[in-house]
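Hi,

Here's the structure I promised to pass along.

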Amino acid sequence: MVHSTSPRRVGIAGALVAALALSACSASEASSPAAGGDGEPVVGGTLTYLEHQAYTSLYPPSAGFYPNGALVNNLTARLLHQDPETLELEPWIATALPEVNDDATEYAFDIRTDVTYSDGTPLTAENVVANIELFGTGDTDRALIVSEAINDFTAGEVVDEDTVRFTFSAPAPGFAQAVSTINSGLLADATLERDSEGFGPGNATEIIGAGPFVVESEEVGTSIRLAAREDYAWAPASAENQGRPYVDAVDIVIAPEDSVRIGALTSGQAHIARQVEPQHEAEVSAAGIPIVAAETNGVNNGLSFRFGHPLLEDIRVRQALIAGIDREAIVSSIFSEQYPLATSSLSQTALGYADQGDAYAFDPELANRLLDEAGWEPGADGIRVRDGERLHLVVNEALPQPRSRDVITLVAQQLREVGVELELFQGDQAAQTAASADVEQIQIYHSMVGRADFDVIKSQYSIENRSTLQNADADGEPIDAELEELLQRVASEPTVDGREEASAAIQAHLTEQAYVLPFFEEPQVYGVQPNVQGFRTESVGRPSLAAVWLED
Amino acid sequence: MSVVIRPAPEAAPPRWRPAAPPTARFALRRVGQALLVVVATFVLAFLLLHALPGDAIVARYASPELGLTPEQLEALRVAYGADQPWWVQLGLSAGGFLTGDLGTSLQSGAEVSTLIAASLPPTLALAGLGFALAAVLAVGIAAAATFAGTEWLRRAFRSLPPLFVSIPVFWIGIVLLQVVSFRLGLIPVINASPAEALVLPVVTIAIPIAAPLAQVLIRAIDDTLAEPFVIVARARGAGPAWLLGREVARNALLPTLTIAGVLFGELIAGAVVTETVFARSGLGRLTADAVATRDIPVLQAVVVISAVAFVVINLAVDLLAPAIDPRLRKEVRA
């Protein structure tokens with residue numbers, strides 16, 4: 001037993017701590033506020049961390065999947081470190097911020113020479129170049145993908161033993177942030193030689209990084225044990241813990257069933273549980289366990305209307321969908337206050353955020369009027385018809401996102417009121433993925449993406465990346481060329497001002513064309529026992545465990 | 001001391017169709033049928049898996065967050081042989097199985113044989129103990145339902161099997177967890193010792209198996225108790241324990257054994273749910289994960305193993321039946 005308070009005492013303390021947790025924990029700072037944080041950190045102990053799913057790969061560019069990212073974030077060091085609150089960059093393996101040329105096509109990093117990987121090999125300039133080259137270009141033969149965060153990469157070179165330089169074929173202003181993300185976690189030479197399968201389940205103990213933890217043992221699909229690296233001494237300057245992790249070990253246990261994760265947490269069998277669903281928050285709080293909601297600083301959870309499809313070509317139909325959906329009713333009925341209503345396609349803490357005012361107002365009368373004008377007449381069963389065709393749209397189920405099915409069910413009910421039939425695409429993850437890029441099968445796409453850089457908006461909408469709007473015709477040319485050009489600009493403007501401006505222009509364009517309806521700012525929600533101190537998350541909400549310590 | 005007259009075995013006409021006689025020809029025919037079932041299962045599973053939308057390459061690499069182009073995906077599909085027509089893939093897969101090569105997982109790249117070897121022991125422990133407990137429970141319920149002191153008690157026990165059979169496995173698991181582990185704190189789920197980790201899953205998987213077993217057993221006992229030889233034995237003063245142990249048990253064993261063979265399928269299905277709920281590794285969890293990722297080599301192996309086990313167990317039951325029931329032997333000689 002980890003936490004041996006009797007159920008009754010927990011119940012009484014629960015209300016107090018829960019109140020504290022709610023008031024003290026702002027959405028952007030991911031700390032455990034309950035015990036006030038006084039007292040000296042205690043070294044030792046084993047942290048038990050409950051994960052929702054098993055990891056699939058420890059190849060850093062694949063770390064976007066949360067179970068992967070939770071591991072990669074604690075196993076690897078990066079060239080730079082991004083402060084999760086201010087989103088500012090600071091040196092980590094690099095000794096200073098990089099020197100960048102005027103058009104952001106060349107980056108030079110001076111690196112530390114005293115860092116070793118957990119297999120004892122030194123972290124050298126050659127090794128850093130090998131890492132970034134692999135992440136920047138991928139390797140199809142080994143089924144290793146290119147990092148989504150690195151664009152237009154040309155080459156890396158070793159300038160001298162502690163200097164590396166990277167060049168790009170086009171301005172790459174997002175590169176400095178890219179090397180701070182978990183997608184750029186540095187790996188030892190031997191690990192870089194592995195193929196895609198070599199990064200998969202069963203190989204965790206052989207994935208060698210220079211982070212605060214190493215994988216001690218792995219039971220495929222069930223659990224992973226991380227051990228503190230005793231000689232870890234190169235934490236970024238802002239880290240509370242400059243030395244080895246305070247805990248000796250972390251047991252990451254996979255508990256896919258929600259009620260098992262929540263029950264194990266509330267009964268004190270675990271310290272931290274990831275993915276506390278909104279409907280379980282009250283139960284967790286009532287047990288005296290603070291809820292920690294970490295911002296993901298990216299594109300909000302919401303719908304993308306695929307305007308290339310004949311039914312959505314008419315802007316009036318898209319505007320009617322937006323006016324016909326009551327977001328507030330959805331968020332207030334099935335989510336909690338950890339899920340703030342979205343005010344733009346980007347979250348308020350994302351870089352480049354621009355408020356879109358009342359662009360998403362609920363107005364069913366307007367929706368009805370717009371659909372009438374667009375020639376859609378109510379049919380016998382209430383669903384609108386035009387030239388014998390029903391206004392029937394299909395939306396995917398965003399399985400990784402919280403309560404996607406419930407959200408879509410509510411949206412379908414609301415849209416039915418204005419004569420639109422919305423169908424949820426049925427199927428598991430593989431079936432959803434297979435259909436996701438096909439406009440004939442899915443006309444409305446439900447998704448979100450987290451990344452603390454201006455580029456995140458390009459990741460979501462560009463035809464080169466996730467292309468949630470499917471803005472490409474049969475020849476691969478953009479249907480809305482202006483949107484694609486703006487997205488390219490945000491990823492290639494060399495100055496921060498230029499990128500901010502481009503990002504704002506994209507958000508305005510998305511609003512003006514009624515391409516998207518964002519629902520809420522999606523957090524990562526953790527339940528953290530009150531005796532766990534120093535729990536932090538990186539800039540997209542993955543756990544950072546080096547500063548965690550267990551109060552007696 | 002009462003003297004009991006043992007009735008001649010022939011006196012009781014069998015109430016179910018007796019298994020065919022265990023001649024060599026019969027055994028050969030049953031083995032042939034068993035092989036046919038396994039082959040048909042293999043082919044059917046392969047075809048069904050291929051009919052599903054999306055394949056392992058799509059499941060693993062086509063996720064929009066990886067941002068691979070259609071050309072890169074096609075290259076991966078060629079590298080994994082997923083671009084071949086289905087009959088070529090079926091042939092390759094079948095050839096591999098015949099030569100003992102189960103292939104590699106499309107999801108993790110691990111040898112399928114390694115994955116199976118790692119997940120078989122925990123599932124065998126779970127299924128074996130689960131079945132043993134189910135048998136004990138079934139006998140207990142059947143005995144109580146027949147010999148409990150009052151009519152009311154007997155009826156209560158008789159209503160247990162229908163109740164057990166209608167509770168979903170996952171629900172039993174979750175309720176057990178909530179009460180035993182989370183409320184009472186008796187057994188931890190997280191970081192439990194191997195023995196502790198088995199207790200709740202074994203109970204969970206045993207309950208739905210015990211129900212049909214108990215039902216068949218109760219019915220068989222009822223039937224046997226109505227037999228003339230039992231009435232005679234009773235009339236001569238045999239007590240319930242004596243009756244149950246000496247007369248009824250042997251007669252009720254055969255239908256129970258037959259249904260037990262069929263219930264093996266229930267065990268496999270139970271393992272999938274139980275292992276997921278209790279976060280255990282094993283064949284069931286392997287299956288659930290492989291289904292989600294369209295990992296056809298793993299699924300093919302699981303299907304074949306399950307089919308072989310199912311067929312072998314039922315074959316064994318058929319061949320064992322005459323050893324248990326002398327009436328079946330008699331008929332051969334007749």
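A quick definition before the notes: contact means heavy atoms within 4.5 Å. This is a predicted model, where local features need pLDDT of at least 70, side-chain atom pairs count only at pLDDT 80 or more, and totals for chains, interfaces and linings use all residues. Residues are numbered from 1 along each chain as its sequence is written, chains are lettered from A and ligands numbered from 1 in the order written, and side-chain values use heavy atoms, with hydrogens and water left out.

Ser459(A) touches Glu148(A), Asn465(A), Arg466(A) and Ser467(A), leaving aside residues up to four places away in sequence. You'll find Ser459(A) in helix H13 (residues 456-461) of chain A; helices (H or I, at least four residues) and strands (E, at least two) are DSSP runs, numbered from the N terminus. Ser459(A) counts as buried because its relative accessibility is 5%, and buried means under 20% relative accessible area (1.4 Å probe, protein chains only).

Chain A also has an open, antiparallel sheet of 4 strands, in the order E4-E5-E7-E6. Strands E4 (99-100) and E6 (153-160) of chain A are at the edges with a single partner strand each, so one side of each has no neighbour in the sheet. E4(A) pairs with E5(A) (residues 106-110) over 2 bridges; pairing takes at least two DSSP bridges between strands. Glu99(A) has Ala108(A) as its bridge partner in E5(A).

Over in chain B, residues 120-321 are 85% helix and 0% strand, with end C-alpha atoms 28 Å apart.

Cheers

Definitions and conventions. Buried < 20%, exposed > 50% of the residue type's maximum accessible area, 1.4 Å probe, protein only.
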